[in-house]
Amino acid sequence: MSPLRFLPDARAHTRDALAGFLVFLVALPLSLGVAMASGFPPVAGVVTAAVGGLVTPLLGGARLTIKGPAAGLIVLVLGAVTELGAGDAALGYRRALAVGVVAAVLQIALAMARVARFGAAAPTTAVHGMLAAIGVIIVAKQAHVLMGVSPASMSPLALLAELPRSLARDNPEVLLIGGVSLALLFAWPRLGARVSALARVPGPLVALAVAIPLGVLFRFDTPHDYALFGRTFHLGPELLVTLPEHLADVLVAPDFDVVWSAASLKYVLMFAIVGSLESTLSVIAVDSLDPARRASDVDRDLLSVGVGNLLAALLGGLPMISEIIRSKANVDAGATSGRANLYHGLFLLVFVAAVPGLLHLVPLAALAAMLVYTGLRLASPHELAHVRRLGVDQVAIFAAAFVGTLAIDLLAGLALGIATKLVLHALRARGLGALLSTRVHVQESAGVLEVRVTGAATFLALPRVQAALRRGDAPSVRRVVVDLWGADLVDHSFLTRVRALADELPEATFELRGLDRLTPVAPHPDATRRLLASRSTSSAIRSAPDLAPPRDAIRRRDATHARDAMHAREALDAAAPEPDERGLGARGARR
């Protein structure tokens, strides 16, 4: 290799190593916190993050995403530990590992069947509603830990109702650590916006840098009581991260005794489906942030996640996904390839092996503060305001997924959200049959790729449209046109995803035709649109495709759309001061 070729490669390695180190600083506290909230030993989160960093880059898929445990799966994992353990947390942990093994095998099978692309077509508002409910559940559970109180309730709503009682019984020194950590997490992004040097330091790391000395000052490592305000409070090592005596004890084998029971199989399906969906949507979000505008192979990425999950579960780790928070930090740090993920895993492994005692100094209240911060951002009122701008129909879908997740579980919430969307679309399209009879015609000629959609252009048609638009990556294609002149319904998910795909085109210009003949249900550019003319008029229009349709060419998003698209990414990024765990928005279409 010539020196001229080696120099840029060396620079790329250096950038990836630096990005990997910065991601390691973000991943360490978040991995500990997610594992603790999931009912796993805190170090299990580090095991998962290390496996995700060291193994998944070797399998390819997404170049810039970081694999690891995520807040979006906390409710699922904790539910498995609680239900399968039947009161025995250690047994529930091992049985949840067995569920993770089977779910990983199912993920691998889904990847080999190439179904991840269908996950990319999932209704974004339903996913947002599910994640907002997860945020509420996280806050309901972790706020009590932040105050140093053990609640009596179990259900999310009951835990929320018990918060005033816990605040009246709080442990002051524990609450001080948790409160200061939470305040730092909220304040740090604002400080970083004013002082650029601070923006490079992850907020969770700053919170730990303050919380650990406070824990040492208050002698958390020694059991003792202290008196304050006329009351007596207890402190001890149980309020710190617990670690096994020997590093080898970190590795825990799964318990397969009840893995084929109905309860276990329920969690297998939820682990596999919800985890795969969240992971795929995160990959799409990170692709929209890639400066090189490279599109990832979502099926191959799901394969790497499945293999990583299989190894992590066999070693005692949490389920992993392509995680948006660390991935956004990776992109911002200048990563160029999957080597950054590899470096991040290597740094985690070296740190745990070299200074495991430092982890034992981390107060649980600080980790709880990070999770409360995560939950508050996931369930932010700004997210509901964003959904309202998309129209009343999206509010109904969001509410159905939100309530279903809170009242039943994640899979039920997502299913209710999708079912609500189908009912609304069926009413607008005059029957479910119309939704299923969409026609997609693809034609390529003289460097122009034209994708013509006739009927209902909804999330159900997205897999076929996505497959057609991928042909726009070919060097021979100079222009891509999506023609909606024959469509009588275009939904929010369809518009959002098509515009994201347009932004991934390496060279070709992009044009979207026919939207101006449809009436939006709200002023937002991505709001659902429908044809208000009679069915006969619609049929006449579609029967004359040679009529020159009006065009609304997408050259660049207007300021409103750009702002709302950025908000959609921020809604999923719930645990770090970078824009988004949802990443369902996209950058404006180019040119």
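Q: What makes helix α22 (residues 462-469) count as largely enclosed by the rest of the structure?
A: Six of its eight residues are buried, so α22 is largely enclosed. Buried means under 20% relative accessible area, exposed means over 50%, and partly exposed lies in between (1.4 Å probe, protein chains only). The buried residues of α22 are Leu462, Pro463, Val465, Gln466, Ala468 and Leu469.

Q: Against which elements do the buried residues of α22 pack?
A: They pack against α5 (116-119), β5 (439-445), β6 (448-457), β7 (479-490) and α23 (492-503). Contact here means heavy atoms within 4.5 Å.

Q: What kind of model is this, and how are its residues numbered?
A: This is a predicted model, in which local features need pLDDT of at least 70 and side-chain atom pairs count only at pLDDT 80 or more, while totals for chains, interfaces and linings use all residues. Residues are numbered from 1 along each chain as its sequence is written, and side-chain values use heavy atoms, with hydrogens and water left out.

Q: How many helices and strands does the protein chain have?
A: The chain has 25 helices and ten strands.

Q: What share of the 591 residues in the protein chain is buried?
A: Buried residues account for 57% of them. The accessible surface comes to about 23,000 Å², and carbon and sulfur atoms hold 65% of that surface. These areas come from the Shrake-Rupley method with a 1.4 Å probe; for residues, only the protein chains shown count as cover.

Q: How do you know what span is expected for helix α4 (residues 89-112)?
A: The expected span is 1.5 Å times one less than the number of residues. For the 24 residues of α4 that gives 34 Å, and the helix reaches 34 Å from its first C-alpha to its last.

Q: What is found at the start of α4?
A: A side-chain oxygen of aspartate 88 comes within 3.2 Å of the backbone nitrogen of alanine 90. A polar contact is a pair of N or O atoms within 3.5 Å; within protein, one must be able to donate a hydrogen and the other to accept it, and residues adjacent in sequence count only if both atoms are side-chain atoms. After α4 comes arginine 114, with a positive phi near 60 degrees.

Q: Why is the pair of phenylalanine 24 and phenylalanine 347 called tilted?
A: A search of the whole structure finds nine aromatic pairs. In this one the ring centres are 6.0 Å apart and the planes stand at 40 degrees, so the pair is tilted. Rings of Phe, Tyr and Trp (its six-membered ring) pair if their centres lie within 6.5 Å; planes under 30 degrees apart count as stacked, over 60 as edge-to-face and the rest as tilted. Phenylalanine 24 lies in helix α1 (residues 3-37) and phenylalanine 347 in helix α15 (residues 339-354), so the pair ties together parts 323 residues apart in sequence. Phenylalanine 24 counts as buried because its relative accessibility is 6%, whereas phenylalanine 347, at 28%, counts as partly exposed.

Q: What makes the pair of phenylalanine 40 and tyrosine 93 edge-to-face?
A: The angle between the planes is 70 degrees, and the distance is 4.7 Å centre to centre. Phenylalanine 40 lies in the loop between α1 and α2 (42-54) and tyrosine 93 in helix α4, so parts 53 residues apart in sequence are tied together. Phenylalanine 40 has 5% relative accessibility and counts as buried; tyrosine 93 is buried too, at 7%.

Q: How do you know that the charged end of arginine 517 sits over the ring of tryptophan 485?
A: The charged end is 4.9 Å from the ring centre. The criterion is NZ of Lys or CZ of Arg within 6 Å of the ring centre and within 35 degrees of the ring normal.

Q: Why is serine 380 called buried?
A: Serine 380 is called buried because its relative accessible area is 16%. Serine 380 lies in the loop between α17 (364-378) and α18 (381-390).

Q: Why is phenylalanine 229 called exposed?
A: Phenylalanine 229 counts as exposed because its relative accessibility is 70%. Its place is in the loop between β2 (224-228) and β3 (231-235).

Conventions: Helix = DSSP H or I, 4+ residues; strand = E, 2+ residues; numbered from the N terminus.
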